[in-house]
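Please read the points below beside the structure. They are meant for someone who has not seen it before.

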Amino acid sequence: MKAKKPNAELVCKQFEDALAPRLRLSTTDRAVYYHLLRHSRLEGRSRLHFSIIWLARNLGLTQDTVRAALRRLVQHRALRLVQRSKAGHVMGVRLPEEVPGVRPSRAHTHVAVPSPYCGNLEEIDFMRTPELRQAIHAREGGVCFYCLRRIGPQMQCLDHVIPRALLGPNSYRNLVSCCRECNSRKGERPAPDFLRSLYREGRVTGAELIRGLQSLNDLAAGNLRPVGV
């Protein structure tokens, strides 16, 4: 199926600046997505017919590793499974801007978020207004920070990584968007301990646990800024 060839440079920038950070993609996930993108959308095709053996051989990975990456990318809706058979897989490959939850919706286009010219970002109380709270939700792209489940606006809530009972601030470095279930179950536990409990329960994989712990480090370091700031 023919499709208009996108601007490859722009697609790569959108992937690195938006898709990969928001979905917390691993190195393997990135390699698999890039390879399928290269042989589909960047060549003017919206779908790609391939085998697991072909993909694993081209990337120098095991078939099990490739299958796991495909499952994660389908779950994140970066890929769309059209058909699976003994002859191989047919996948629809979405551009970064087409992945639900990554591109800001119209409802978020005019969100009033702080800028460097209206105060010190580090001193802003992000629980103060609905607009500031929405800037944190938008940063996570509609995915629970903890369990990685995609959640709708009605099920989103903000969680303090360091609980308020332990004097955790309302800083963007200490707030994450998550589902109501994770917010309730985490309670006053430290976020790393809660992530490890999700791993023990089988709700996140080992790789997702490692990425989650790294994201907590990035958050504390100020590397996960609210959208638009």
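1. Glutamate 122 is partly exposed, because its relative accessibility is 37% (buried means under 20% relative accessible area, exposed over 50%, partly exposed in between, with a 1.4 Å probe and protein chains only). Its salt-bridge partner is arginine 173, with the closest N and O atoms 2.9 Å apart (a salt bridge is a side-chain nitrogen of Lys or Arg within 4 Å of a carboxyl oxygen of Asp or Glu). The two are 51 residues apart and link distant parts of the chain: arginine 173 is in the loop between β4 (156-160) and β5 (175-179), glutamate 122 in the loop between α5 (106-109) and α6. Helices (H or I, at least four residues) and strands (E, at least two) are DSSP runs, numbered from the N terminus. Arginine 173, at 29% relative accessibility, also counts as partly exposed.

2. On the basis of these values: this is a predicted model, in which local features need pLDDT of at least 70 and side-chain atom pairs count only at pLDDT 80 or more, while totals for chains, interfaces and linings use all residues. Residues are numbered from 1 along each chain as its sequence is written, and side-chain values use heavy atoms, with hydrogens and water left out.

3. How many salt bridges does a search of the whole structure find? There are 13. One of them joins arginine 72 and aspartate 29, at 2.8 Å from N to O. Arginine 72 lies in helix α4 (residues 63-75) and aspartate 29 in helix α2, so this pair ties together parts that are 43 residues apart in sequence. Both ends are buried: arginine 72 has a relative accessible area of 13%, and aspartate 29 has 0%.

4. Glutamate 16 and arginine 30 form another salt bridge, with 3.0 Å between the closest N and O atoms. Glutamate 16 belongs to helix α1 and arginine 30 to helix α2 (residues 27-38), so parts 14 residues apart in sequence are tied together. Here glutamate 16 is partly exposed at 35% relative accessibility, as is arginine 30 at 26%. Elsewhere, Arg149, Glu181 and Arg203 are linked in a network of salt bridges.

5. Where does α1 bend? The bend, of about 45°, is at phenylalanine 15 (the angle between axes fitted to the seven residues ending there and the seven starting there). Phe15 is also one of the buried residues of α1, together with Val11, Leu19, Ala20, Arg22 and Leu23. These buried residues pack against α2 and α6.

6. The largest pocket holds about 440 Å³ of space. A pocket is an open set of points on a 1 Å grid over the protein atoms alone, where a 1.4 Å probe fits, with protein on both sides within 12 Å along at least five of seven lines; lining residues have an atom within 4 Å of a point. Its lining has 20 residues, and the closest to the centre are Ala20, Pro21, Arg22, Arg24 and Leu224. α1 (8-23), α6 (130-140) and α9 (206-220) each supply at least two lining residues, and α1 gives the most, with 5.

7. Histidine 137 is in helix α6. Its relative accessibility is 11%, so histidine 137 counts as buried. Beyond its neighbours within four places in sequence, histidine 137 is in contact (heavy atoms within 4.5 Å) with Gly142, Gln156, Cys157, Leu158 and Ser177.

Technical notes:
Grid points are joined across faces, edges and corners, and a volume is the space filled by probe spheres set on the points.
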